[in-house]
Amino acid sequence: MARAISTKRKSVNTAIAGTLGFLMFFPILWILILSFKTEEDAIRAPLQILFDSGWTLDSFAAVQARSDYFKHFSNSVIISVGSTLIGLMIAIPAAWSMAFVPSKNTKNVLMWMLSTKMLPPVGVLVPIYLIFRDTGLLDSRFGLTIVLTLMNLPIIVWMLYTYFKEIPGEILEAARMDGASLREEVLYVLTPMAIPGMASTVLLNIILAWNEAFWTLNLTAAKAAPLTAFIASYSSPEGLFYAKLSAASIMAIAPILIMGWFSQKQLVRGLTFGAVK
Amino acid sequence: MGRITLEKVTKSFGDVEVIPPLDLEIEDGEFVVFVGPSGCGKSTLLRLIAGLEDVTSGQINIDGQDATDLPPAKRSLAMVFQSYALYPHMSVRKNIAFPMRMAGVPDDEQKRRIEAAAKALNLTDYLDRRPGQLSGGQRQRVAIGRAIVREPAAFLFDEPLSNLDAALRVGMRLEISELHKRLETTMVYVTHDQVEAMTMADKIVVLRAGNIEQVGSPLELYKAPRNLFVAGFIGSPTMNIFDGAEAAKFGAHTAGVRPEHIEVVSPEEGYWTGTVGVAEHLGSDTFFHIHETGLAETITVRAPGDVAYNHGDKIGLNPRTDLVHKFDEQGLRVQ
Ligand SMILES: Nc1ncnc2c1ncn2[C@@H]1O[C@H](COP(=O)(O)OP(=O)(O)OP(=O)(O)O)[C@@H](O)[C@H]1O
Ligand SMILES: [Mg+2]
């Protein structure tokens with residue numbers, strides 16, 4: 001009881017957390033509101049928008065009529081899920097060996113992998129663009145999947161490494177004693193035990209890949225363009241169509257938002273795994 | 001069959017040699033116990049036999065076959081870990097079935113063996129639980145069940161009982177001994193525990209810093225420890241050891257006498273005399289810790305429970321002179 005937090009402290013904390021949460025959510029809320037307005041209403045003063053204007057689905061209709069939502073959506077799904085699965089296939093063995101058969105340089109390799117994330121992507125845009133152009137990968141889902149796999153691989157390896165570290169090595173040794181081959185050990189013992197961690201790795205990676213805008217905008221034109229390009233096509237330099245831009249944004253983030261909402265518990269559990277133990 | 005021989009086996013971690021060249025023979029069906037102080041390399045030696053660590057040099061044979069480079073899965077040995085190392089995501093049934101599944105044992109045979117093991121280990125009611133829902137003793141039984149169903153050439157145990165409370169430990173000790181009698185399979189067992197070593201072993205291997213100090217039956221080690229280290233390590237309470245003039249009277253550089261081989265008498269009748277410090281009454285026995293004997297700081301004596309002396313009493317001590325152990329300058333036993 002000595003460590004009980006006083007009710008006053010608690011309500012202050014709740015208020016602060018609530019305010020922060022609202023501030024973070026506000027842009028999304030505002031986009032949601034704008035997406036149900038006409039273009040004329042959308043550029044009016046905030047209070048007028050809220051109270052004086054009506055609601056409409058025109059922007060959604062306009063966006064749907066002008067561009068092929070489903071094509072962008074399926075590109076996004078293919079690219080984000082594909083890059084995550086390929087990433088996992090590379091990262092599981094990598095994290096396994098670093099967690100269970102560490103060498104003197106394991107920490108250095110991990111740092112080196114992370115350091116690749118410290119370089120701004122634009123630093124390698126030209127070489128990658130040229131490689132893509134020369135190999136015919138520009139505007140292909142395959143090429144984009146590969147680039148996103150490489151971009152997110154360090155994060156996947158880091159996360160899996162952290163989860164694997166939590167698994168007692170003796171359990172894997174027991175599997176070895178029980179006659180499991182390396183493949184069986186990873187498949188039947190390690191992977192099921194690491195499911196919570198892997199699930200949150202997968203979720204986070206899909207979200208990151210879904211929202212990735214630098215490479216998807218620079219390496220695609222039409223065929224392979226995912227939803228990020230779909231949004232970008234509404235921010236034209238001649239004048240912004242706020243309502244349509246908002247409607248496009250809502251359509252683009254809705255799937256991932258819904259997925260995130262339903263997997264919230266899993267995600268939080270995975271991300272705080274280890275911290276609580 | 002389960003005959004294991006180690007020939008000039010060494011193990012180094014980096015520059016540190018944990019096991020210097022070591023030879024050991026474990027006969028088929030034998031219960032061999034490794035004892036020694038913490039960090040002396042007991043677990044390392046067991047893991048070398050298991051194949052979980054690679055030897056730095058030397059050869060390990062299992063049933064006459066060179067197994068040095070075989071992976072653990074191919075050695076047909078089963079291991080029971082101190083932490084139990086059960087698969088937390090599988091039911092007890094699946095845990096026990098796992099080695100058979102890996103070996104491709106047919107389903108009905110798996111079922112038969114699981115049921116037999118569960119019955120022998122009192123696990124029948126728990127087969128569908130997860131390890132997390134079991135007590136420590138039950139978990140350890142599952143680990144043993146998982147080891148026996150695959151009918152290995154030998155069992156390896158690394159301090160399997162040290163996470164259990166005292167009462168449970170006694171029970172499990174008996175169960176493992178009975179299992180050994182029933183299966184007649186080679187068992188190699190690592191422990192810290194004196195009593196486990198003495199009561200379970202056919203053969204005890206005393207290790208110090210990776211060296212084998214002595215190999216022998218529990219009674220051989222008790223009656224004729226080869227050196228001072230073994231003398232001090234085997235037996236509880238530990239042997240009283242003294243040197244100087246008193247030892248010279250027995251014709252030794254250093255002499256030792258076990259607490260149970262000293263009789264407490266009145267001061268006038270005693271070969272030695274001393275003052276009672278602490279008296280530990282266990283009921284059946286009383287351990288007297290005696291000071292001012294001129295032998296060593298403290299001499300421990302094991303007397304029957306009804307011998308009553310108190311703190312500060314002057315008493316006499318009579319050693320069984322035929323059971324005094326004698327050692328030379330190097331600490332080696334002299335006859
Ligand atoms: N993986 C390793 N890397 C480096 N040194 C190790 C490793 N494993 C063990 N050692 C060292 O080898 C020595 C023997 O260790 P081992 O675990 O075999 O001791 P033990 O006799 O089982 O001790 P305990 O009774 O405490 O379990 C110790 O000094 C330990 O520090
Ligand atoms: Mg050990």
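What follows is a walk through a predicted model with chains A and B.

Residues are numbered from 1 along each chain as its sequence is written, while chains are lettered from A and ligands numbered from 1 in the order in which they are written. Local features here need pLDDT of at least 70, side-chain atom pairs count only at pLDDT 80 or more, totals for chains, interfaces and linings use all residues, and side-chain values use heavy atoms, with hydrogens and water left out.

Let's start with chain B. It splits into domain 1 (4-230) and domain 2 (237-327), with bounds that come from an automatic or database domain assignment. UniProt, in an unreviewed entry, puts the feature "domain: ABC transporter" at residues 4-234 of chain B; positions from that record are given in the numbering used here, feature names are shortened, and annotations may be inferred rather than shown by experiment. Across residues 4-234 of chain B you get 37% helix and 26% strand, with the end C-alpha atoms 25 Å apart. Helices (H or I, at least four residues) and strands (E, at least two) are DSSP runs, numbered from the N terminus.

How far apart are the C-alpha centres of domain 1 and domain 2 of chain B? They sit 38 Å from each other. Contact between these two domains (heavy atoms within 4.5 Å) takes 6 residues from domain 1 of chain B and 8 residues from domain 2 of chain B. The two domains bury about 540 Å² between them, 63% of it from carbon and sulfur atoms; buried area is the accessible area (1.4 Å probe) that two parts lose on being put together, summed over both. On the domain 1 side, Tyr222(B), Pro225(B) and Leu228(B) supply 86% of the area buried against domain 2 of chain B, more than any other three residues.

An unreviewed UniProt entry gives chain A the annotation "transmembrane region" over several spans, including residues 12-33 and 241-262. Residues 12-33 of chain A are 100% helix and 0% strand, and their end C-alpha atoms are 30 Å apart. For residues 241-262 of chain A, the span is 95% helix and 0% strand, with 32 Å between the end C-alpha atoms.

Where the chains meet, 23 residues from chain B touch 15 residues from chain A. Chain B and chain A bury about 1,600 Å² between them, with 64% of it on carbon and sulfur atoms. In chain B, Tyr87(B), His89(B) and Met102(B) lose the most area to chain A, together 29% of what that side buries. This interface has 2 salt bridges, and in a salt bridge between Arg146(B) and Asp178(A) the N to O distance is 3.5 Å. Helix 2 of chain B gives the most to the side that touches chain A, with 4 residues.

Finally, a look at the backbone. Most residues other than glycine have a negative phi, and most peptide bonds are trans. The peptide bond from Ser236(B) to Pro237(B) is cis, with omega near -5 degrees, and Pro237(B) falls in the loop between helix 8 (228-233) and strand 11 (240-243) of chain B.

Note on methods. Salt bridge = Lys/Arg side-chain N within 4 Å of Asp/Glu carboxyl O.
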